[in-house]
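Good morning, and thank you for coming.

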Amino acid sequence: MLANTGALSLVAILGIGLVFGLKHATEVDHVIAVSTIVSHHKNVFRSAVVGALWGAGHTISLLIVAAIVLWFRVEIPERVSGWLEFGVALMIIALGVSALWRTLRSNTKVHLHQHSHDGMSHTHVHFHESETRHAPAAHAAHSPHSHRMSRVGVKPVMVGMMHGLAGSGALTLLVLTQLSSSWLGFLYVATFGVGSIVGMLLMSGLVGLPFALTSRKLAHIHRALQTAAAAFSICFGVWYACKTGL
């Protein structure tokens, strides 16, 4: 379809890129990688932001590679693409192990808190569970934890960039063989990237919904979901590593 640029308008070509980008975001390795990150967020909005940031990193990689490939009219060697896919598999395993460690550690995390009442000081043990709350003012004054959005964004952007590098070979080969115009090819890749951002934003929000619903009053189910997501990520990563490695 892309080869027949005389019959297809620019809008139609870009529409194809947008649809393919939306579909690309739903690929299994993408969803699993984002799920391990989303599993430790407790609201749907932040989960959706994680997906959008993944899409942004994914698009950045695609645009950089597309600019190089289209400018020099070269192809990415299949061997390089294979090693990048293997790197994605290792990354998925690492994400699963990290998520599993965080989940298991949260079940046994203990803090010692010191309080003063009527001139008397005492220390009590605090288990870092969602059911245990502190007064907002006192807790905010002494809490070492940070929930800045900047800390949310680093990991999904890097993961998205790795996925973008791994998938750039097939996409740029398609553009090279089907579109003779470099600027149109670059625009197609950019539209594809926009579609992947929108697709992963919606997908990660949907994936984050059960984690958000169980995070406050169903702590045991919430941790079970987190453990399952991490374990599945590790298993899929091992399978994917064997597939791409062979």
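**Nonpolar surface, cores and ring pairs**

Buried here means under 20% relative accessible area, exposed means over 50%, and partly exposed lies in between, with a 1.4 Å probe and protein chains only. Leu-22 sits in helix α1; helices are DSSP runs of H or I of at least four residues, numbered from the N terminus.

Two remarks on the source. This is a predicted model, in which local features need pLDDT of at least 70 and side-chain atom pairs count only at pLDDT 80 or more, while totals for chains, interfaces and linings use all residues. Residues are numbered from 1 along each chain as its sequence is written, and side-chain values use heavy atoms, leaving out hydrogens and water.

Helices α1 (10-24) and α7 (182-214) each supply at least two residues of the patch, and α7 gives the most, with four.

Now the interior. A nonpolar core is a set of buried Ala, Val, Leu, Ile, Met, Phe, Trp, Tyr and Cys residues joined through side-chain atoms within 4.5 Å. The largest one has 23 residues, of which Val-34, Val-88, Ile-92, Leu-95 and Val-159 touch the most other members. Helix α2 gives the most to this core, with six residues. Apart from it lies another core, of 15 residues, including Ile-16 and Phe-192.

Which residues does Ile-92 touch, beyond those up to four places away in sequence? With contact meaning heavy atoms within 4.5 Å, they are Asp-29, Ile-32, Ala-33, Ser-233, Phe-236 and Gly-237.

Finally, the rings. Phe, Tyr and Trp rings (six-membered for Trp) pair if their centres lie within 6.5 Å; planes under 30 degrees apart are stacked, over 60 edge-to-face, and the rest tilted. There are four aromatic pairs. Trp-83 and Phe-86 are edge-to-face, 6.0 Å centre to centre with 90° between the planes. Trp-83 is exposed at 55% relative accessibility, whereas Phe-86 is partly exposed at 23%. The Phe-236 and Tyr-240 rings, with centres 5.6 Å apart and planes at 25°, are therefore stacked, and both residues are buried.
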